[in-house]
Amino acid sequence: MYTAADPADAHAHDHAPSGFMRWVSSTNHKDIGTLYLWFSLFMFFFAGALAMLIRAELFQPGLQFFQPAFFNQLTTMHGLIMIFGAIMPSLVGFANWQVPLMIGAPDMAFPRLNNWSFWLLPAAGTLLISSFFVPGGAIAGGWTMYPPLFIQGGIAYDMSILSLHILGISSIMGAINIITTILNMRAPGMTLMKMPLFVWTWLITAFLLIAVMPVLACAITMLLTDRHFGTHFFDAAGGGDPVMFQHLFWFFGHPEVYIMILPAFGIVSTIIPTFARKPLFGYVSMVYAVASIAFLSFIVWAHHMFATGMPLGGQLFFMYTTMLIAIPTGVKVFNWVATLWRGSITFETPMLFALAFVFLFAIGGFSGLVLALVPVDIQLQDTYYVVAHFHYVLFSGSAMSIMGGIYYWLPKWTGHMYDEKLGKIHFWLTTIAFNITFFPMHFLGLAGMPRRIPDYALQFADFNMIASLGGFLLGASQLLFLYNVIQCVRGGAPAGNRPWEGADTLEWTQSSPPPYHSFVTPPIVK
Amino acid sequence: MRIANYTDQCAGQPLCVRRLLFCMPNALVFTSAFLLALALALIAAPARADYALNFPTPASGLAQDIYDLHILILWICFAIFVIVFVPMFVALVCHRKSLGHVAAKFHDNLKVEIIWTIIPTLILVGMAWPATNLVMSMKDTSKEDLTIKVTGRQWKWDYEYLGDDIRFTSNTTTPPEQIDGAQAKGENYLLEVDHPLVVPAGKKVRLVLTTSDVIHSWWVPAFGVKQDAIPGFIRDAWFMVDKPGIYRGQCAELCGIGHGFMPVVVEVVTPEQFASWKDEQKKLLAAAAVDYSKTYTMDELKTMGAKVYTANCMACHQPNGAGIPNAFPALNGSKLVRGEKSAHIERVFNGKPGTAMAAFGKQLSDLDIAAVITYERNTWSNAMGDVVQPTEIAALHKRSQ
Ligand code: HEM
Ligand SMILES: [Cu+2]
Ligand SMILES: [Cu+2]
């Protein structure tokens, strides 16, 4: 893609190795970023295909295509792969490409570690996916892996634990790399409070990763020893406690959802000012808001467990802390709206995605607030309302901001413009189909449809059919995205250094695509 | 649309009336179209009963309070939504480059930022207040009129009326033919059981919940009760329903392949009906007590055994005894089933720890176990020709004591 270095940047080391070994042995942040992004795109389509199968089975009441055992594998693997295979790696891909370019650094701090962080992923991914083919099939206990159900499974359960361990190691190494790069390699003059917000969000996210991935590793190792080595951490008969697992899991799991959304906030906070042609409103409060969300994310975990029956004090504590998160989140939304206010707005594809993000993520935020209230949550926990809620924050939140970010930086990364018209069609189809798919799920949950069921009572039939039709359209629309990305990588109108008039971060001072080794002499930031 | 150069006339005036006049109609059209569509959807939909949009009609005071709390929060959220997104839409419509709008330069305003931190905080306190009161009453399981022990099992519920010595199991009755489409689906498809939980109206019913295998969750939406049942621990919940009737719910925690097929049905009856129902149950239980002095014939045991098998074993080992490869072993042709009687009894009585095979010795009567084992040994292509008597099972109790 960017084998031909910009002659203006000619430099003794500035040649890209070519062929297969370029990718396998690469220590270049751009190559590795690209690898991360392709990997996550593949996983996105794989997990998306599983979602299509889920929606096909749920199209009508009754069991049409799959037995419950396989259906449970589909939902579990869909969730796990979307989270660990699609969303997280793609955000790390963004960090790889953008953090050095945005802080004026030549590369990541630990290039070899970077190579290793990436190449662990295909290994883990293969292990996870191949578990579909072992005796008994893939894991089927939900991505939350609660024992004792999880103890009952076959060999796939052990493979998945191993795979998650590898993914966790990869994430931790990536996080260490990102923190070190940001703290040590900023261009002269770029103080912390001058960093682009995207860099800030990743700095904080990386700390979250380092804090919680080990907790997940502990919890699943305890599951493994409960399964095979006669321990009873989560087995009441041996003095353990199954609910303890849930505490450990959600101590990881809640920060995990912020790991998936904070960098998305960063992407949106980059796109909106660009196309509003106006600086981000309330930069300082944005930074504090991200930091306080990150802090609060450590003390809200048991809101996923209200129905397990904890003491009154526990329920109230976790309800109040969860409600508190609404404040910094609200501040962020207000700041985005204030950034738009009296801007000079244009609606290129990245901007459309960012605007839809603000609007739809807010819906997910509101349903989150509804769920924070213990009495209401008791009714809605483990229903389709929750499925609606987390797809509003994960799909229209993380996934759509990632798509926006891809459209935004693709011209920089490839040197070509993508097809704007196709991009817009992709956007509108995605947004409309997304709402057709997931909005009715709120109603299903309220009416009493549990989640993770392969078949449902007749009163849920109509909305399920609507959701399935929307889901198929949503899945199909993503093929346009794939096509557009591939076309853009292969060619297209030259992008120039700065295709977006309002963009003012450092990467736009570089050629498009940037030289293989950019910022060899650091820029001076005033 | 021709772009009027209103910006020229408004240059330097942030709040230019001309600009507002120019773009307000657009903004209003957009926002009101959106709100109208939403309102239409909300008003039109309930007209069709199939499209339920909210919680089912509450049957208990708790459920009513939850319903009201939810509506209150919904309105607050809706108001905030409008307050936040109307300005956004106005900006998107009015402050476009294509209209010649020039970007302002401001990028912070401490006063505004403080205000929009404090106001949401106050709103949240306003929400937390009623929620806190409601949590406190939900948690108050004291002063109950009767207590029922609920035990979840893959994939059925056991109910035991504490102090009354009444116990029974509640199993789904939706036939597999309806599920796989060979038969038309009944009205209460997936939400019907053989023995519903029966409770008196107007009495405070306390549930104590646990499970003998994985985590389940007992849930009846109309009661506002959802409580996980956790192996090795006891949790409790309560409800009080005034109106007699039949109320339906489902297990709400993923518990394996039968999770979608584990309904909860509660029949609320008048206290008088409840009293006579209890007498009847006691008589039935007495009649069903195992008569250890009797020697049962093969046919008797097989007939009873087939019923026990359908209710307790079929979900895993399948109607034809073929199991599910790599998950649940086949019993048809199984070495263990076709081997020594004692090993077979042992496996059913004590289960196999660490697998889905539960210890049925604690769940079924000795007669049921004897019957189902006899059935398994002498059906499909298994033809051992031997029978198991309840006394043989009773012997195991003694050993395990
Ligand atoms: C093509 C779009 C998608 C469709 C149609 C879809 C559909 C679904 C459905 C129907 C379920 C519920 C299954 C059940 O509870 O029975 C589900 C679960 C889930 N989805 Fe998606 N989904 C999509 C995209 C995503 C994305 C982008 C993410 C991002 C992380 C995601 C994450 C999850 C998670 C974590 C679960 C929970 C799995 C579990 O219960 O263990 N999904 N999805
Ligand atoms: Cu959480
Ligand atoms: Cu269940």
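Modeller: A word on terms before the ligand: helices (H or I, at least four residues) and strands (E, at least two) are DSSP runs, numbered from the N terminus. This is a predicted model, in which local features need pLDDT of at least 70 and side-chain atom pairs count only at pLDDT 80 or more, while totals for chains, interfaces and linings use all residues. Residues are numbered from 1 along each chain as its sequence is written, chains are lettered from A and ligands numbered from 1 in the order in which they are written, and side-chain values use heavy atoms, with hydrogens and water left out.

Colleague: Which element gives the most to the shell around ligand 1?

Modeller: That is α3(A), with seven residues; α2 (29-57) and α12 (384-414) of chain A are also among the elements that each supply at least two.

Colleague: And which residues come nearest to ligand 1?

Modeller: Of the 24 residues around ligand 1, the nearest are H78(A), W143(A), H391(A), R451(A) and R452(A), where a residue counts as near if one of its heavy atoms lies within 4 Å of the molecule or strand in question. By class the shell has 16 nonpolar, five polar and three charged residues, with Ala, Val, Leu, Ile, Met, Phe, Trp, Tyr, Cys and Pro taken as nonpolar, Asp, Glu, Lys and Arg as charged, and the others, Gly among them, as polar.

Colleague: Switching to the interface, how many residues does each chain put into the contact?

Modeller: Chain A gives 95 residues and chain B gives 91, contact meaning heavy atoms within 4.5 Å. The area buried between the two chains is about 8000 Å², of which carbon and sulfur atoms give 72%; buried area is the accessible area (1.4 Å probe) that two parts lose on being put together, summed over both. R342(A), F359(A) and Q379(A) supply 9% of the area that chain A buries against chain B, more than any other three residues.

Colleague: How many salt bridges are there between chain A and chain B?

Modeller: The count is one, with a salt bridge defined as a side-chain nitrogen of Lys or Arg within 4 Å of a carboxyl oxygen of Asp or Glu, and the side chains that meet are those of K97(B) and E501(A), at 3.1 Å from N to O.

Colleague: Over all chains, what does the count come to?

Modeller: It comes to 14 salt bridges. Among them, E144(B) and R206(B) meet at 4.0 Å, N to O; E144(B) lies in the loop between α4 (110-139) and β1 (146-153) of chain B and R206(B) in strand β5 (residues 205-211), so the pair ties together parts that are 62 residues apart in sequence.

Colleague: Last topic, where are the cis peptide bonds?

Modeller: One runs from P147(A) to P148(A), with omega near 0°, and P148(A) sits in the loop between α4 (111-130) and α5 (155-184) of chain A. Another joins Q154(B) and W155(B), with omega about 5°.
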